[in-house]
Amino acid sequence: MKHTPTWTAIAAACLLCAGAASAAPANTLPAGVRGPVTETVYDGTSDDLLTAGLGKTGLMGAAPAFADPLHPTPAELRRNAIYVNYRALVDYTAAGGMGVFYGPNIDVDGRDTLGEGKVPGRETLAWYDDGSGLQNVTLMVQVPDRFDPARPCIVTATSSGSRGIYGAIGTAGEWGLKHGCAVAYTDKGSGNGLHELGANLVTLRDGRVVDAASAGTEALFRAPLSDAEREALLAQAPYRVAYKHAHSKQNPEADWGRHTLEAVRFAFWVLNERYGKVGRDGRREATLQPRNTIVIASSVSNGGGAALAAAEQDREGLIDGVAVSEPNAQPRWMHGLTIREGDTPVATIGRPLADYFTYANLYQPCALLAPAAGGGAAVASAFWPAAFTASAQNRCTALAAKGLVAGATLAEQADDALARLHAYGWTTDADFLHQSHYRFATNSIATTYTNAYGRFGVEDRLCGFSFANTDAAGAPIAPSASAVASIFSTGNGVPPTTGVNIVYDASSGGAKLDFLAVSPSTGVADFALDGALCQRSLVTGRDAADRLLTGAQREAAQRVRRGVTEVRLDGRLRGKPVLIVAGRSDALLPVNHAARAYYARTQAHGGADNVRYVEVTNAQHFDSFISLGAFLGYDARFIPLHVYFNRAMDAMWAHLTQGAALPPSQVVHTVPRGGSPGAAPALTSANVPAIQAAPAEGARIVFGDGTLVVPK
């Protein structure tokens with residue numbers, strides 16, 4: 001276990017930094033890191049590390065345009081990638097808290113003193129790869145000019161979701177840069193790599209789109225297909241595209257922790273190349289080392305899960321502490337553990353992501369029609385037309401016909417579907433979110449992760465699904481040249497994104513957008529129920545009639561289930577202090593399967609009293625959706641969890657630098673902003689009370705005798 005340093009200890013250790021004699025080894029590029037290693041200096045005026053020259057005002061304004069949309073420059077692509085990724089993780093409106101509670105202008109003490117908040121410094125990129133170009137995990141280190149080698153610190157910012165290298169710029173990236181820390185980023189091998197198969201175009205690390213043959217080993221992702229195989233696929237299914245997370249055949253999630261550790265190692269190399277003592281041979285020495293540098297593993301969502309995985313895997317003592325928000329943490333073993341919310345036991349806990357997403361993919365379309373879930377009226381018509389409501393009704397009818405929901409009427413079936421989600425681990429606090437999550441996330445994640453876990457390729461079209469742009473009728477079409485050219489900036493690594501959608505190739509009458517697809521078994525548009533049942537069977541090993549799978553279906557299920565076992569976590573954090581925050585209303589990564597379950601697993605090991613869990617009411621997974629109040633109505637109902645991510649980071653920082661005690665595990669009861677959708681009053685301190693150093697007994701989260709008790 002790494003000794004947790006304080007600044008006093010670091011000051012002593014950093015006599016080395018001041019040039020005292022040492023036996024520091026030569027600074028060598030970590031194994032597996034390959035070039036080209038590129039460094040760019042940003043002046044903090046025309047361009048910078050945090051905002052790409054846009055500043056707070058630019059990040060809160062309209063998207064900047066490309067001078068030539070068909071040929072954007074690397075600088076333009078980087079600028080827009082930072083703009084898109086920053087806004088994707090936070091509520092970017094002033095009423096929602098940006099520029100007031102967080103944002104580039106807010107200093108480390110929460111004051112509005114930093115103006116536009118531009119950060120000068122250096123940005124260094126490299127690949128982590130075995131030389132084949134098939135992995136090409138992007139590593140990036142940002143070092144602000146205010147970095148102090150006498151008080152060195154590193155913060156990890158592994159990308160959330162399936163985003164590219166800037167996918168955590170507005171969360172862990174911003175926090176680290178403001179504190180003068182080097183920030184170690186990685187896209188964790190699943191980040192936003194598109195292969196446009198028809199024109200055979202791929203994306204380079206700097207965002208430019210080029211021919212796959214000319215890219216060679218420098219592509220973010222190239223589908224592992226020969227030209228003959230690619231052409232054969234296109235002959236059967238024209239206009240298809242491949243994405244790295246879904247189609248790399250490498251189950252990248254199994255290595256997210258390792259890639260986060262590689263980013264830390266690369267950060268040490270970058271820092272020592274600049275600040276390390278020069279040895280007698282003229283080479284830099286590895287003066288800055290884990291023993292004299294504070295390292296916080298951090299990020300949110302998938303990046304948060306990667307930070308926890310890295311902490312579990314850290315055998316070198318690289319990491320001092322962990323602070324994460326809404327982590328995708330899949331505990332390996334929950335036998336003997338229970339969770340209670342108040343006096344109510346939770347029936348289903350700690351299931352792996354593929355399990356609960358394929359379950360949601362079956363039941364959410366029907367459950368969203370239940371009055372408690374909004375009755376199918378929560379999303380504006382532009383995003384939820386009447387045809388989708390009809391498909392949701394057809395899904396209920398079809399589930400009932402297959403004996404998968406109960407009820408003689410549509411209302412009874414919808415209520416039963418929602419009750420099944422509750423019984424499977426979703427909190428009632430998440431009821432309102434099922435419609436928007438199904439529209440924008442659930443089917444995409446079910447498709448992406450079953451492909452990834454089973455190491456299936458784009459050519460397999462697993463369960464009849466593929467990716468393509470679609471027209472108004474849902475038919476696959478060629479992507480626009482400008483959309484492909486900008487995909488590095490605008491894409492999030494999974495459909496729907498930049499025009500790329502999920503297509504159900506097995507739809508009656510021909511391939512069609514999954515939301516308009518007709519299942520062969522039902523003969524009606526029902527959101528491709530047959531495909532959803534297939535995905536569910538890959539996790540359970542049984543078909544809709546509860547019969548064991550056979551033949552090719554059985555083999556496919558075995559592949560998926562093997563992949564799932566590779567990504568589950570043990571909850572053994574090697575004695576590191578850890579602070580986890582999550583929103584009780586999270587419908588994407590339900591707390592009973594992710595944050596609560598993982599925390600319970602850590603406590604079951606014993607000796608984990610320095611792992612803390614803070615659950616925030618009226619908080620959910622997508623802060624950016626709060627910005628779209630008139631569209632979804634999130635602004636009146638939910639507060640930004642990002643506020644509590646920053647507070648968790650502050651608490652861990654105080655713990656590591658000053659020896660301050662971590663706050664006890666607790667529920668923070670927030671106050672929704674209220675008002676009407678799109679017109680909620682501005683966020684105030686009363687809406688987002690502090691994490692308490694001494695919470696009331698009724699707010700404490702406690703664990704004992706194998707049971708985690710979370711207060712109502």
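The model is a predicted one.

Start with the largest pocket. Its volume is about 1,200 Å³. The lining counts 46 residues, and the closest to the pocket's centre are Ala-88, Arg-163, Asn-492, Phe-622 and Phe-625. Several elements each supply at least two lining residues. Among them are helix 3 (74-89), helix 10 (353-367) and strand 16 (500-504). Helix 19 (623-626) and helix 22 (642-658) belong to that group as well. Helix 13 (434-453) is also in the group, and it gives the most to this lining, with five residues. What classes of residue make up the lining of the largest pocket? It has 24 nonpolar, 18 polar and four charged residues.

Now turn to the second largest pocket. Its volume is about 610 Å³. Here 30 residues form the lining, and those nearest the centre are Asp-107, Val-108, Asp-109, His-179 and Asp-650. Two or more lining residues come from helix 4 (169-178), and likewise from helix 22. Helix 22 gives the most, with eight residues. Recall that helix 22 also supplies at least two residues to the lining of the largest pocket. By class, the second largest pocket is lined by twelve nonpolar, nine polar and nine charged residues.

Next come the salt bridges. The structure holds 31 of them. Take Arg-78 and Glu-123. Their side chains meet in a salt bridge, at 2.9 Å from N to O. Arg-78 sits in helix 3 and Glu-123 in strand 2 (residues 121-128), so this pair ties together parts that are 45 residues apart in sequence. Are Arg-78 and Glu-123 buried or exposed? Both are buried.

Other pairs have a different setting. Arg-208 and Asp-206 form a salt bridge of 2.8 Å, N to O. Arg-208 has a relative accessibility of 38%, so it counts as partly exposed. Asp-206 has a relative accessible area of 27%, so it is partly exposed. Arg-547 and Asp-543 also meet in a salt bridge, again 2.8 Å from N to O. Arg-547 is exposed because its relative accessible area is 53%, and the cut-off for exposed is over 50%. Asp-543 is partly exposed, with a relative accessible area of 24%.

Salt bridges can also join up. Which residues are linked in a network of salt bridges? They are Glu-341, Arg-584, Arg-596, Glu-615 and Lys-712.

Finally, follow the backbone. A cis peptide bond joins Gly-35 and Pro-36, with omega about 5 degrees. Pro-36 is in strand 1 (residues 33-42). Another cis peptide bond joins Pro-495 and Pro-496, where omega is about 0 degrees. Pro-496 lies in the loop between helix 15 (487-490) and strand 16.

Ser-301 is not a glycine, yet its phi is positive, about 55 degrees. It lies in the loop between strand 10 (294-300) and helix 9 (302-313). Glu-326 is another residue other than glycine with a positive phi, near 40 degrees. Its place is the loop between strand 11 (321-325) and strand 12 (338-341). Why does Ser-301 count as buried? Its relative accessible area is 8%, and buried means under 20%. Glu-326 is buried too, with a relative accessible area of 8%.

Notes. Residues are numbered from 1 along each chain as its sequence is written. This is a predicted model: local features need pLDDT of at least 70, side-chain atom pairs count only at pLDDT 80 or more; totals for chains, interfaces and linings use all residues. Side-chain values use heavy atoms; hydrogens and water are left out. On a 1 Å grid over the protein atoms alone, a cavity is a set of points where a 1.4 Å probe fits but cannot get out, and a pocket is an open set with protein on both sides within 12 Å along at least five of seven lines; lining residues have an atom within 4 Å of a point. Grid points are joined across faces, edges and corners, and a volume is the space filled by probe spheres set on the points. Helices (H or I, at least four residues) and strands (E, at least two) are DSSP runs, numbered from the N terminus. Ala, Val, Leu, Ile, Met, Phe, Trp, Tyr, Cys and Pro count as nonpolar, Asp, Glu, Lys and Arg as charged, and the others, Gly among them, as polar. A salt bridge is a side-chain nitrogen of Lys or Arg within 4 Å of a carboxyl oxygen of Asp or Glu. Buried means under 20% relative accessible area, exposed over 50%, partly exposed in between (1.4 Å probe, protein chains only).
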